Amino acid sequence: MGEYLPRPGAGKAAAIASAGENRLCFWTGYIAPDSISFEEYTSLLFQSEVTSDTLTLHYTLSQPEVYGITDYKIALPDYSANARKQSALNIENISCGLQSYDYEVLTTEQKLTYDILNDYVSSNRSQSDYTYYPEILRPSTGFPAQLPVLLSEYHFYDRKDVEDYLTLLSLIPSCFDSVLDYETNKINEGLFLSDTQADTLIADLNTFCDNSSEHYLITTFRNKVAELPDLTAEEQASYCIENEGAFREYILPAY
């Protein structure tokens, strides 16, 4: 399936959780004096990260409720400049959160988790001067090429997955707007695709839009809803009509 590009807006779900009088906010990195436990902290951090975009959540957890995730915002990756600034702030928040714990009193397993998170923070800081070096529009393996694959393989476990999926489709235009924002800044930095890569990308995007009457994002959706036993034939047909409408209203114009 190829690599799934990291989400620059990771953590923007900004989970705020309470444990008695203890409160952790990933927007601010603040931890109350009566600090929550390291296990609670890492659990809340995981919840915040994994719900930052719905593709990440769906491909990570088949049953989010097992991890305490019962409510989440439907979202796609955000590549805008504002999202990248928030991502950098989130990294600093994680660093502040880690520093509030005494490494020496952690268990061996907790120390491993701490070290991994600390390495993640250091790695992101070291890349902060190279914001526009990653290429989102790489032909074949960039985000526009990977997104349809992720959508076609998006598993429907129940009715909510179908509804989440259809909501995701409506967000594709704004997601691509953030990609264009990112690429415009790359142009300003002299870091845009080569002419050959750009020509290949354009050809790939045009190919994706061909045969739109029986496009694979229409046929795979039809096959997946047909396998859901809790949907009536009428409901399956209604969802298929909604999906095809979303494909033509949101996906094709965006590509």
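Which residue forms a salt bridge with Glu214? I looked this up in the predicted model and found Arg222 as the partner, the closest N and O atoms being 3.6 Å apart.

**Entry 1: the Glu214 pair**

Glu214 counts as partly exposed because its relative accessibility is 42%. Arg222, with a relative accessible area of 34%, is partly exposed as well.

**Entry 2: overall layout**

I turned to the secondary structure. The protein chain has nine helices and three strands. Along the sequence I read the order as β-β-β-α-α-α-α-α-α-α-α-α. I also noted the burial total: 44% of the 255 residues of the protein chain count as buried.

**Entry 3: further salt bridges**

I counted six salt bridges in the model. One of them joins the side chains of Asp164 and Lys160, at 3.0 Å from N to O. I located both residues in helix α6 (residues 159-188), where they are four residues apart, about one turn of the helix. Is Asp164 buried or exposed? Asp164 has a relative accessible area of 6%, so I record this residue as buried; the cut-off for buried is under 20%. Lys160 has 41% relative accessibility and therefore counts as partly exposed.

I next looked at helix α9, in which Glu244 and Arg248 both lie, four residues apart and about one turn of the helix from each other. Their side chains meet in a salt bridge of 3.0 Å, N to O. Glu244 is at 28% relative accessibility and counts as partly exposed. Arg248, at 33%, also counts as partly exposed.

**Entry 4: aromatic pairs**

Phe156 and Tyr165 are both buried. I also traced a cluster in which ring pairs link Tyr79, Phe143, Phe176, Phe208, Tyr216 and Tyr255.

**Entry 5: surface patches**

Which residues form the negative surface patch? I listed Glu65, Asp158, Glu163, Asp230 and Glu242. Of these I followed up Glu242, which is found in helix α9 (residues 233-254). Glu242 counts as partly exposed because its relative accessibility is 44%.

I then recorded a nonpolar surface patch of about 300 Å², made by Phe46, Val66 and Tyr67. Where is Val66 placed? I found Val66 in the loop between α2 (54-60) and α3 (81-99). With a relative accessible area of 58%, Val66 is exposed.

**Entry 6: backbone at Ser140**

I checked the backbone angles and noted Ser140, whose phi is near 75 degrees, a positive value in a residue other than glycine. Ser140 has its place in the loop between α4 (108-126) and α5 (143-152). Is Ser140 buried or exposed? I record Ser140 as exposed because its relative accessibility is 56%, the cut-off for exposed being over 50%.

Note on methods
Residues numbered from 1 in each chain as written. Predicted model: local features only at pLDDT ≥ 70, side-chain atom pairs only at ≥ 80, totals over all residues. Heavy atoms only, no water. Patch = residues over 30% accessible without salt bridge, like charges linked within 9 Å, V, L, I, M, F, W, Y side chains within 5 Å. Areas by Shrake-Rupley, 256 points an atom, 1.4 Å probe, with all protein chains shown as cover. Salt bridge = Lys/Arg side-chain N within 4 Å of Asp/Glu carboxyl O. Lys, Arg positive; Asp, Glu negative; His and termini not counted. Charge placed at Lys NZ, Arg CZ, Asp CG, Glu CD. Helix = DSSP H or I, 4+ residues; strand = E, 2+ residues; numbered from the N terminus. Buried < 20%, exposed > 50% of the residue type's maximum accessible area, 1.4 Å probe, protein only. Phe/Tyr/Trp six-rings, centres within 6.5 Å; stacked < 30°, edge-to-face > 60°.
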